[in-house]
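Reader: I am new to reading protein models. Please take me through one, feature by feature.

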Amino acid sequence: MTPQEFLLPAAALFAVGLYGALSQQSIVMLMMGLELMINGLVLAVGGFWRLVAPAGADGQVLILVAVTVMALEMAMGFAVTTAIFRAREVDMTDAAGDLRG
Amino acid sequence: MTAQQVAFWALAVVSVAAGVAVFTVDSMARATLALLVSLVCVGLILLLTGLTYLGVLVILMMVMEMMVMAVFMVMYMMNPGGLMPMKMVHNNGGAMAVAAGVFVLLAGGAFLVPWPVRRGGLPADPTRALGVAVMGPKMLVMMVVGVAILATMVATVVLAVHRGRGDRPGDPEAEP
């Protein structure tokens, strides 16, 4: 196998996730897009570990960090959603445009 | 094509298809399950590459994460059952164009960049190599991750508690 074989689906996952993060109006769906982007990252790093530098543990440590980031991103995202929903009953991104412009 | 390659491509195609399904199905419940399928497929690919521990870790963590996500989805979503078509997007064309452009850029880079050839062989036990690394030369990474998790736990509780982050109990100005 070659690194390209890993990078192609990884790029597809990243692009699909980016589309979701940019286009979805629901904050929960937006976070699903972010998860998909990191999912593509994990796939690419796994391929690089296997096909480029399996001897060192750097790739494995990077996957560990990426998976942690996925969990933390979701926890923080839901905390912010809970806070803004409690304060203003907002659950759509368009209704939270205070910092726009 | 070896059996391993067939399995890899099957998982990769299912993963991307499930990723697309996240934004095309009608209900949030189905979107969450589609995202879970996509994440589990990537975990299985990690198992396929020999990363036993990380593959199992990804699958277990993502199953739990999607269960949490399902709870929040029911809390915040209209139409959780998918009884009517759901399409809530803004700037759909622009987002589509940006995503397509990024995909072309990344895929082009993947095929144009001369990737280095493999250095070194597979370790006898990748899990042991990872454990030795995070308890030795990569311990700083582990410590930063640990502090980040602690900071996230504090921040999420502060943000999510009912009184918010503004007022303190016993503060006379904040008492109603």
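Reader: Which residues make the nonpolar surface patch?

Author: A patch joins residues with over 30% relative accessible area and no salt bridge, like charges within 9 Å and nonpolar side chains (Val, Leu, Ile, Met, Phe, Trp, Tyr) within 5 Å. Accessible areas come from the Shrake-Rupley method with a 1.4 Å probe, and for residues only the protein chains shown count as cover. Here B:I149, B:L150, B:M153, B:V154 and B:V158 make a nonpolar patch of about 420 Å². B:V154 sits in helix α6 of chain B, residues 139–160. Helices (H or I, at least four residues) are DSSP runs, numbered from the N terminus.

Author: This is a predicted model, where local features need pLDDT of at least 70, side-chain atom pairs count only at pLDDT 80 or more, and totals for chains, interfaces and linings use all residues. Residues are numbered from 1 along each chain as its sequence is written, chains are lettered from A and ligands numbered from 1 in the order in which they are written, and side-chain values use heavy atoms, with hydrogens and water left out.

Reader: How many residues of chain A are in contact with chain B?

Author: Contact means heavy atoms within 4.5 Å. 68 residues of chain A touch 78 residues of chain B. Buried area is the accessible area (1.4 Å probe) that two parts lose on being put together, summed over both. The two chains bury about 6800 Å², 78% of it on carbon and sulfur atoms. On the chain A side, A:Y19, A:M32 and A:R50 lose the most area to chain B, together 10% of what that side buries.

Reader: Which residues form the salt bridge?

Author: Side chains of opposite charge can pair when their charged atoms come close. The rule asks for a side-chain nitrogen of Lys or Arg within 4 Å of a carboxyl oxygen of Asp or Glu. A:D58 pairs with B:K138, their closest N and O atoms 3.4 Å apart. Over all chains, the count is one salt bridge. A:D58 lies in helix α3 of chain A and B:K138 in the loop between α5 (126–134) and α6 of chain B, so the pair joins two chains.
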